[in-house]
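Student: I have a new model open. Can you walk me through how to read it?

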Amino acid sequence: MTKENVILVNENDEQIGLMEKIEAHEKALLHRAFSVFILNDKGELMLQQRALHKYHSPGLWTNTCCSHQRDGESNISAGKRRLQEEMGFVTELAEAVSFIYKAPFDNGLTEHEFDHVMTGTYNDEPTINPDEVASWKWMDVQAVKDDIAKHPNEYTAWFKIIFDKFYQHIKVDS
């Protein structure tokens, strides 16, 4: 398996270097990332359940896909690449909002990310990659918000942060 680099950034999202992904997470260094939220025409959000063998947050529910941009790759290109790799489809994406968050995990790693949130629309079933995704489902956005409140331990840290802070950017007006 080839080592994957992440883009280290400052608080203005200006690139300051590259570092191997695991090392950046061990050192809790700020790096660029993205989160994709796919909605259908009914206003439902496509959630994925992370594969059970993932190195952090295995089996937890989260947004449609997320990952790290590669050096020289735009946010939109990275989002489309990862949608194809994880969920087996590509659709048009739009940047919604970005923010910095820090979330430590029980395994000693810390996500410290400048996260770019992107949204898109899709109405079919995905063809999930079992190396990345255990399951998926469509869920009404308000039902997701309610379920996070009732069962917070079933969702990833970043997903809960995004939902809490940026719900209005994700919600589709009926």
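Tutor: Start with contacts: a contact means heavy atoms within 4.5 Å. In the protein chain, take the contacts with a separation of 6 or more: residues 24 or more positions apart account for 60% of them. This is a predicted model, where local features need pLDDT of at least 70, side-chain atom pairs count only at pLDDT 80 or more, and totals for chains, interfaces and linings use all residues. Residues are numbered from 1 along each chain as its sequence is written, and side-chain values use heavy atoms, leaving out hydrogens and water.

Student: How many helices and strands does the protein chain have?

Tutor: Both are DSSP runs, numbered from the N terminus: helices are H or I, at least four residues, and strands are E, at least two. Here there are 4 helices and 9 strands. Their order along the sequence is β-β-α-β-β-β-β-α-β-β-β-α-α. The radius of gyration, taken over C-alpha atoms, is 15 Å, close to the 16 Å from the globule rule for 174 residues, so the chain is as compact as a globular protein of that length. That rule is 2.2 Å times the number of residues to the power 0.38.

Student: What percentage of the 174 residues is buried?

Tutor: Buried means under 20% relative accessible area (1.4 Å probe, protein chains only). Buried residues make up 51% of the protein chain.

Student: Which domain does UniProt place at residues 29-161?

Tutor: The unreviewed UniProt entry gives "domain: Nudix hydrolase" there. Such annotations may be inferred rather than shown by experiment. In this model, residues 29-161 are 21% helix and 40% strand, with end C-alpha atoms 19 Å apart.

Methods. Buried < 20%, exposed > 50% of the residue type's maximum accessible area, 1.4 Å probe, protein only.
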